[in-house]
Amino acid sequence: MALRRRKMLISILPSELIEVVLIRDHHVEEYYVEMLTHSKTKRNIYKGIIHNIDTSLQAAFVNYGDKKNGFLQIDEIHPDYYTSELKPVKGHKFPPIQRVLKPGQEILVQIVKEPTEHKGAFLTTYLTLPGRYLVLTPGKEQIAISRKIEDEEERTRLKMVINEFNLDPGLGVIVRTVSEGQNKTNLFRDLQFLRRLWKDIKKKALEEKGPCLIYEEKDLAFRAIRDYLTPDVQDVWVDNEEAAHKLEDYINLVFPRRKNMVKTYISKDKSLFEKFEVMDQIKKIFLRKVSLPSGGEIVIDQTEALTAIDINSGKISGESNFKDMAYKTNLEAIKEIANQLRLRDIGGQIVIDFIEMKDRKYVRDIEKQLKYYLKNDKARTAVGKISRFGLLEVIRQKMGSSAISSIYKECPRCQGQGNVLSIEWRAAQVLKDIHRRISQIDSPNPLEYILEKELCFYLLNNKKQTLLDMEKKYHKKILIEEA
């Protein structure tokens with residue numbers, strides 16, 4: 001049977017928004033979004049200065065140039081930064097932080113977790129530089145193979161290939177999942193690129209005065225090609241001509257044998273997502289309730305401590321049907337839950353409340369099937385067992401690609417108990433539609449757009465330059481009017 005091929009859809013509104021969707025047979029498997037007005041700092045590398053040391057937390061607060069200092073725990077500090085060769089006291093893994101670091105000390109750090117409204121960024125000195133096939137790990141001498149590569153012969157082959165490269169002292173490598181089946185030449189080319197990148201970072205770190213940015217991670221469009229473009233992706237569709245040319249050049253370096261992979265979509269009457277019939281599926285990501293085929297539904301509620309997922313059954317006729325209906329609904333639910341966890345990038349502790357099943361055979365099968373559906377998730381997951389109360393706990397690694405956190409803000413009226421679409425997201429969608437309309441040859445001049453008062457004022461006050469750029473590019477006027 002022929003392998004079903006996937007497509008990657010990249011929708012770009014210049015200087016505002018990037019969306020990436022991976023589909024298979026019109027089914028959305030992955031969705032990523034980046035608002036360019038919200039600067040992303042995860043994986044950026046900075047030259048920072050230690051501001052102060054908290055002995056009770058055994059952590060340092062580092063000024064790396066942001067308004068809030070970053071948080072650096074003792075276990076994230078490479079021994080090369082220790083000011084004295086001090087061994088840990090008995091019963092501890094690390095020496096006291098106050099005796100090996102000092103305020104004012106310069107330090108090279110990478111952001112692991114983005115800063116929030118209330119907390120600074122979480123930092124590490126164990127840097128990682130991702131390439132297409134490999135991840136370079138300066139300061140950590142290792143050769144690690146992705147756990148997703150399960151074939152032992154392939155794992156052994158890849159390890160032998162990396163060993164032949166004779167890594168420089170102090171450098172390590174993590175072999176990524178997409179390296180499976182790759183030849184030695186492709187892996188070596190990727191390693192050489194990462195070596196040059198690390199050399200440039202070290203040089204800049206020596207020349208620049210902290211606090212300052214040393215290395216900036218690429219935007220979502222390039223990260224999508226680097227991190228999510230697997231061999232089963234047949235086409236990459238891009239709705240921005242300039243970006244399409246840049247991505248095509250990059251893909252030709254990564255996949256020299258895959259010519260003409262990038263397809264430019266010049267919109268007419270439909271957006272890129274409408275053309276491939278994925279809009280309704282994307283809208284599901286932002287709903288609290290998601291319907292199931294049999295009439296049931298899952299209800300997703302995120303709190304500060306955990307995410308609770310409740311499974312509700314559809315209409316059940318007759319007592320005798322309850323056992324089978326409960327199993328069927330739970331089975332449909334776990335497939336959708338695995339899908340929603342990935343699409344929404346829900347991380348941390350997740351508790352699922354199943355419809356009660358007294359048959360232990362059904363219970364074990366639901367646990368087994370959930371593990372199966374989570375198997376293709378790029379994030380690390382751990383699945384517990386269903387308790388006698390019908391609750392199951394899942395732990396999932398957050399990948400940092402959450403569409404929910406990107407486009408929602410805390411509601412000023414309910415203090416975070418609910419969510420409303422942010423004005424930035426709504427404005428970005430309007431600009432995206434204006435861009436689609438004005439780029440058409442037969443679009444009216446001027447192009448009139450009528451909006452509610454709040455959104456109208458926001459665009460005119462905050463997005464005026466974007467509108468002017470569109471007018472200049474297409475030689476047409478845009479009239480934003482209040483409804």
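Predicted model: local features only at pLDDT ≥ 70, side-chain atom pairs only at ≥ 80, totals over all residues.
**Notebook: contacts, a pocket and backbone features**

I began with F276, which is buried, with a relative accessible area of 6%. Residues are numbered from 1 along each chain as its sequence is written, and side-chain values use heavy atoms, with hydrogens and water left out.

**Entry 1: aromatic rings**

A pair of aromatic rings is described by the distance of the centres and the angle of the planes. I counted rings of Phe, Tyr and Trp (its six-membered ring) as a pair if their centres lie within 6.5 Å; planes under 30 degrees apart are stacked, over 60 edge-to-face, and the rest tilted. The count by this rule is eleven aromatic pairs. In one of them, the rings of W237 and F276 have centres 5.4 Å apart and planes at 65 degrees, so I recorded the pair as edge-to-face. W237 lies in strand β14 and F276 in the loop between α6 and α7, so the pair ties together parts that are 39 residues apart in sequence. I took helices (H or I, at least four residues) and strands (E, at least two) as DSSP runs, numbered from the N terminus. W237 counts as buried, at 17% relative accessibility.

I also found that ring pairs link Y31, F286 and W425 into a cluster.

Next I looked for charges over rings (NZ of Lys or CZ of Arg within 6 Å of the ring centre and within 35 degrees of the ring normal). K275 lies over the face of W237, at 5.4 Å from the ring centre. K140 lies over the face of Y126, at 5.1 Å from the ring centre.

**Entry 2: salt bridges**

Side chains of opposite charge can pair when their charged atoms come close. My rule for a salt bridge was a side-chain nitrogen of Lys or Arg within 4 Å of a carboxyl oxygen of Asp or Glu. How many salt bridges does this rule give? The count comes to 28.

K7 forms a salt bridge with D235, with the closest N and O atoms 3.0 Å apart. K7 lies in strand β1 (residues 6–13) and D235 in strand β14 (residues 233–238), so this pair ties together parts that are 228 residues apart in sequence. K7 is partly exposed at 24% relative accessibility, whereas D235 is buried at 12%.

I then looked up D227, which forms a salt bridge with R176, the closest N and O atoms being 2.9 Å apart. D227 lies in helix α4 (residues 220–228) and R176 in the loop between β12 (173–175) and α3 (184–207), so parts that are 51 residues apart in sequence are tied together. Both D227 and R176 are buried.

E452 and R426 meet through their side chains in a salt bridge (2.8 Å, N to O). E452 is in the loop between β24 (447–451) and α12 (453–462), and R426 is in helix α11 (residues 423–438), 26 residues apart. E452 is partly exposed, with a relative accessible area of 42%.

I also noted a network of salt bridges that links R6, R24, E29, E30, D232 and K378.

**Entry 3: the second largest pocket**

I worked on a 1 Å grid over the protein atoms alone, where a pocket is an open set of points where a 1.4 Å probe fits, with protein on both sides within 12 Å along at least five of seven lines; lining residues have an atom within 4 Å of a point. Grid points are joined across faces, edges and corners, and a volume is the space filled by probe spheres set on the points. The second largest pocket holds about 1,300 Å³ of space. It is lined by 48 residues, and I12, L13, D239, K432 and H435 are the closest to its centre.

Which element gives the most to the lining of the second largest pocket? I found that α11 does, with seven residues.

**Entry 4: the backbone**

Most residues other than glycine have a negative phi, and most peptide bonds are trans. I found a cis peptide bond joining G210 and P211, with omega about 0 degrees. P211 is in the loop between α3 and β13 (212–215). The peptide bond from N445 to P446 is also cis, with omega near 5 degrees.

N166 has a positive phi of about 50 degrees although it is not a glycine. N166 lies in the loop between α2 (152–164) and β12 and counts as exposed at 59% relative accessibility.

Key. Buried < 20%, exposed > 50% of the residue type's maximum accessible area, 1.4 Å probe, protein only.
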